[in-house]
Amino acid sequence: MAAAATPSLRIATPYRYRKIKSDLMMSVTIAATIITLIPLFLVLGYLLTKGFASLSWAFFTHMPAPVGEPGGGMANAIVGTIEVVGLACLMGVPVGVGAGLYLAANRSSRFSDWVRFSADVMMGLPSIVVGIFAYAVVVRPFGGFSALAGSVALAVIMVPLVTRTTEEMVALVPPELREASLALGVPQWKTTLAVVARTALSGIATGVILAVARVAGETAPLLFTAFGNRFWSTSLIHPINTLTVQVYTYAISPFADWQRQAWAGALVLTAMVLALELGVRWVTGGAAKAPR
Amino acid sequence: MSELEGTVTDRVAVIRREATKSRAEVRLFGDRIFNATTYLLAMAILALLAGLALSLIFESIPSIRAFGANFFFSSQWDPVNDQYGALPFIYGTFVSSFLALLIAVPLSLGVALCLSEMAPDWLSHRLGFLVDLLAAIPSVVYGLWAVFVMGPWIRDYVEPLLSHLFGFIPLFQGPKVAVGMLSAGVILAIMIIPYISSVCTDVFRVVPHTQREAALALGATKWEMVNTAVIPYGMTGVIGAIILGLGRALGETIAVAMVIGNSPEISASLFKPAATLASVIANEFAEATSDLYVSALVELGLVLLVMGIALNIVARALVQGVRQRRFQEGAK
């Protein structure tokens, strides 16, 4: 199959030209890498300059200001993001870790293959589809947008990510550890929890943090679940503000004050997400990578 | 045998046996509970995926009843008269995604080859880390940047240039605006490059060194080696990576919703505003008034879900073989 596409080596062409062509093509790959990284630096650069210009202490302590009134902050959105993501962890992490332990313990059963496959498919699904799911199972039955609905959406996105990293991390634990524990008469469940999962704990925690970083930046599944709220609310059954949704509404608004706030919000959001990602990489020595 | 002695020994034996038995039972009981719990949690993943699909199908029944197959061929999206057709969004989704692939695939391949063939190890890991950072930036931040920085650039520099050079093609005609298909395609490309390039880099890294050495021994230059040994060997994985990237592009929502202009029209020009399946859901779902309106939007989501599942199945199947090879080779 591959052979058909393979061009033959044209030895007849003088080496000098082939060498020039080779150098040229390889420089093209370097150019591609540079071009790819330009947007990264542009985005981060604009975030830092525009974001810091509009960032102030009030941003963290004040509520959103009405149109025309300068100043104000996103205190409620910051608290909302923490609440929604935290609740998503409470729901998503136990499911993900449990399923991951199951997959690691039963690596080659047909059922495991199906679960693994479903988790992989779920990881690639558009997050807005998950938002519709949360709308159908939480917003509709409860009769309104709520923080809980937003958390359910984010939890569904977290589960497959946590499952796959947990499985991978637990599979790395040497089987001898497990056997030693079983040979000492420790029951299987205790071995799994106190020895195997314990050994893989830092890896599992890494996976959870990467999943948190991923869902903290999600906007689409929150638009019609957590919805957003201009006022202070920490209630689970009422709409709640989140950083991402607030940045989105401000960014597409026609008001200069709000657009400035959007840059500040984006800076804080990106700083949060990158701090989690970079922190994890730094602690694990660069080995950690989000599953794709 | 004295009766008394017999009873005592028997009793002790019985007590011992029962103690062991109950300890074993407790242990088995604990195992059983633990296994059942993790089994149920694993089952929850299957249930979630099935629930996702079923709830979307269920919610879109009114729309399916009302429009049937016509939903996919009608380009009329008219909430005022409760008439819904998905064609403009399907068109917008595919055109913006293919535009993104057109830009992202060559760049991603370049990045992957640079990281696997050119850069020394220490540099390769640092560059790979930077490319990965592109995937860590939240979508709404890309959207914000695209609205205020990239869109105006495209309007002021890229679109005039394109229409000057290729203005005779309808694709590059029309008024130059910051929000439109072209802006959406470019921001999508930036967002999917890290996904495609990281899989491609993995794929190229597992090409056995013997393949490379054989090509070099035959007198190939570096590029000829890449072209004859590395790329053909990793072709399956590369195609899988591209399909994975396509899946990402189809479903990307917020950044696209912010720059595509959200107009349910099919136009030949890439400069004109358009809309995608995901962007229209993001924009209109919370404000959808009638039940049929909501249902039609959910059906758009169902289309996204089906495409997402299909693309993922194909892509994972193509990439999986390569990934497994990586784990085996990575072990040594």
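The axes of helix 5 (residues 139-166) of chain B and helix 6 (residues 181-205) of chain B come within 10 Å and cross at roughly 125°. Axes here are lines fitted to C-alpha atoms, for helices over the stretch in contact, and angles run from 0 to 180 degrees between N-to-C directions. That angle makes helix 5 of chain B oblique to helix 6 of chain B; angles under 35 degrees count as roughly parallel, over 145 as roughly antiparallel, 65 to 115 as roughly perpendicular and the rest as oblique. Helices (H or I, at least four residues) and strands (E, at least two) are DSSP runs, numbered from the N terminus.

This is a predicted model, in which local features need pLDDT of at least 70, side-chain atom pairs count only at pLDDT 80 or more, and totals for chains, interfaces and linings use all residues. Residues are numbered from 1 along each chain as its sequence is written, and chains are lettered from A and ligands numbered from 1 in the order in which they are written.

On the helix 5 side of this pair in chain B, the contacting residues include B:Tyr142, B:Met150 and B:Glu159; on the helix 6 side they include B:Leu182, B:Val186 and B:Met191. Contact means that the C-beta atoms of two residues, placed from the backbone, lie within 7 Å.

The model scores ipTM 0.91 and pTM 0.90. Chain B averages a pLDDT (the predictor's confidence in each residue, from 0 to 100) of 90, and 94% of its residues score at least 70. Within chain B, confidence is lowest in helix 11 (residues 291-330), at a mean of 83, and highest in helix 3 (residues 87-118), at 96.

The two chains are listed below.

| Chain | Secondary structure | Span along principal axes |
|---|---|---|
| Chain A | twelve helices, zero strands | roughly 70 × 70 × 35 Å |
| Chain B | eleven helices, two strands | about 115 × 70 × 35 Å |

In sequence order, chain B follows the pattern α-α-β-β-α-α-α-α-α-α-α-α-α. The radius of gyration of chain B is 29 Å, well over the 20 Å that the globule rule gives for 332 residues, so chain B is more spread out than a compact globule. This radius is taken over C-alpha atoms, and the globule rule is 2.2 Å times the number of residues to the power 0.38. For chain A the radius of gyration is 24 Å, while a compact globule of 292 residues would have one near 19 Å.

Between the chains, the contact takes 78 residues from chain A and 81 residues from chain B. Helix 2 (residues 15-54) of chain A gives the most to the side of chain A that touches chain B, with 19 residues.
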